[in-house]
Amino acid sequence: MTTQLKDKKGADTATLTYNGSSATLPIVRGTENETAIDIEKLRASTGLITLDPGYGSTGSCRSAITFIDGEKGILRYRGYPIEELAEKSNFLEVAWLLLHGELPTPAELQSFTSEITRHTMLHQDFDRFFDALPKDAHPMPVCSAAIGALTTFYQEPESEHQLHDTIIRLMAKMPTIAACSYKHSIGQPFMYPMNRLDYSSNFLRMMFGIPCEEYEVDPVLARVVDLLLILHADHEQNCSTSTVRMVGSSMANLYASIAAGISALWGSLHGGANQKVIEMLEQIEREEGSADKFLARAKDKNDTTRLMGFGHRVYKSYDPRAAILKKACGDVIERVGVSSRMLEIAMRLEEVALKDDYFVSRKLYPNVDFYSGVIYQAMNIPVNMFTVMFTMGRLPGWIAQWIEMRNDEHFRIARPRQIYVGSPKRAYVPASARGRSA
Ligand code: ACO
């Protein structure tokens, strides 16, 4: 492969020569100078495809939503640094930013907030949906199924106006569905949403309130929930976002695409890691708090144990979200007035791991899930709800990415190829003649 040749218009190209035929491929540069070889025409001109399991060297789209520099630990939504948004913004403002590309005017934010506030209730028939599920159902598949089920209540064709309504409904009903999935699992009656409360306070009340008592939402904890939602709101082409885009590329509707994204997020190597982090910290505590013993297992190639909440496909330095959450951990713990053994163990683990050559040489640092679980636990949010919290945060990012994908001038159904390594052609053998030689 030769790079840096110019095409007739003076743009950079790369030429790949194989077996006598060659392809001159355009070089594409992003705003921050990230560089890619555009291989769209590669197969047509050479017969070759590229092979990249896990897509470590593959860009699947051009996107104007989120920028990450994994080497420098930079994360920006629509150009705004995550640190500034975390400090100065709120979740609905960030959601608008992701969806529309610009920060909202006060009037736009007010109208967006008020529309969302007025669509938080679920159809009464939804009670029967929850009734049909086992009592001990994990809230993640409940949420995925519930979001998928929303499409059966709203079956209008996908016009632009209808898409607007779908976005409002998804954003508005997600916290209600999340809280109902929890209430269902503990057998308590569902709490109706309360319109005078903001997004995060409303969620906390639906989670922890009970119909027979007043529930005062702690504004400090509501702000922490808002912060967590902001930090999770988008993260470019990760596993669940790519799933949302891929499902949507078949022209499946937004509800169906988001339901698929929730399923992808549930896995322990992705959003499910926050639950696994607390389980890991609890295990270490049961084993008398030995970080070193646990790290030895995580480093052992014959052991499947991993240091959960550590490592990232893109970040090769400290995940900026983890840095913000580490600080927030202290604030929450001080507020709720508990000492957190989990935080102590987490900090000790981090300290030891960041001095250990195994983690240093592989550039493995804490990711967003390392400290979020400690915060959720201090706030009394049950472990099986951790990934649901992540889902609530990621929702506007998924929606923004889905819309961008549908409006992309390069839009095509997502359909990777493969290298077939199975049996060559062979003749069918009737059952009576089949026997396996030992
Ligand atoms: N503990 C121990 N070793 C690790 C860890 C870890 N957490 N993460 C990576 N490694 C090692 C791998 O064993 C591998 O070692 P090797 O080169 O000797 O074979 C090397 O580091 C590279 O790891 P890969 O698995 O190839 O990295 P990849 O980019 O494919 O995976 C992932 C990234 C899945 C996040 C991985 O680091 C991991 O499993 N982390 C723990 C789970 C986790 O925290 N997931 C949440 C990610 S953030 C998010 O999705 C919201």
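Which residues in α11 are buried? In this predicted model, local features need pLDDT of at least 70 and side-chain atom pairs count only at pLDDT 80 or more, while totals for chains, interfaces and linings use all residues. Residues are numbered from 1 along each chain as its sequence is written, and side-chain values use heavy atoms, with hydrogens and water left out.

**Helix α11**

- The buried residues in α11 are L254, Y255, S257, I258, A259, G261, I262, A264 and L265; buried means under 20% relative accessible area, exposed means over 50%, and partly exposed is in between (1.4 Å probe, protein chains only).
- Those buried residues pack against α6 (139-153), α7 (160-186), α10 (239-248) and α18, where contact means heavy atoms within 4.5 Å.
- Helices here are DSSP runs (H or I, at least four residues), as are strands (E, at least two), and they're numbered from the N terminus.
- α11 covers residues 254-266, and its 13 residues should span 18 Å at 1.5 Å a residue, which agrees with the 19 Å between its end C-alpha atoms; the expected span is 1.5 Å times one less than the number of residues.

**Salt bridges**

- Searching the whole structure turns up 19 salt bridges, each a side-chain nitrogen of Lys or Arg within 4 Å of a carboxyl oxygen of Asp or Glu.
- D38 pairs with R62 in a salt bridge, with the closest N and O atoms 3.9 Å apart.
- D38 sits in the loop between β4 (35-37) and α1 (42-46) and R62 in the loop between α1 and β5 (66-69), so this pair ties together parts that are 24 residues apart in sequence.
- R62 counts as partly exposed because its relative accessibility is 41%.
- R245 and E404 form another salt bridge, their closest N and O atoms being 2.6 Å apart.
- That pair links distant parts of the chain, with R245 in helix α10 and E404 in helix α18, 159 residues apart.
- R245 is buried at 7% relative accessibility, and E404 is buried at 18%.
- R321 bridges to D319, with closest N and O atoms 2.7 Å apart.
- R321 is buried at a relative accessible area of 2%, and D319 is buried at 0%.
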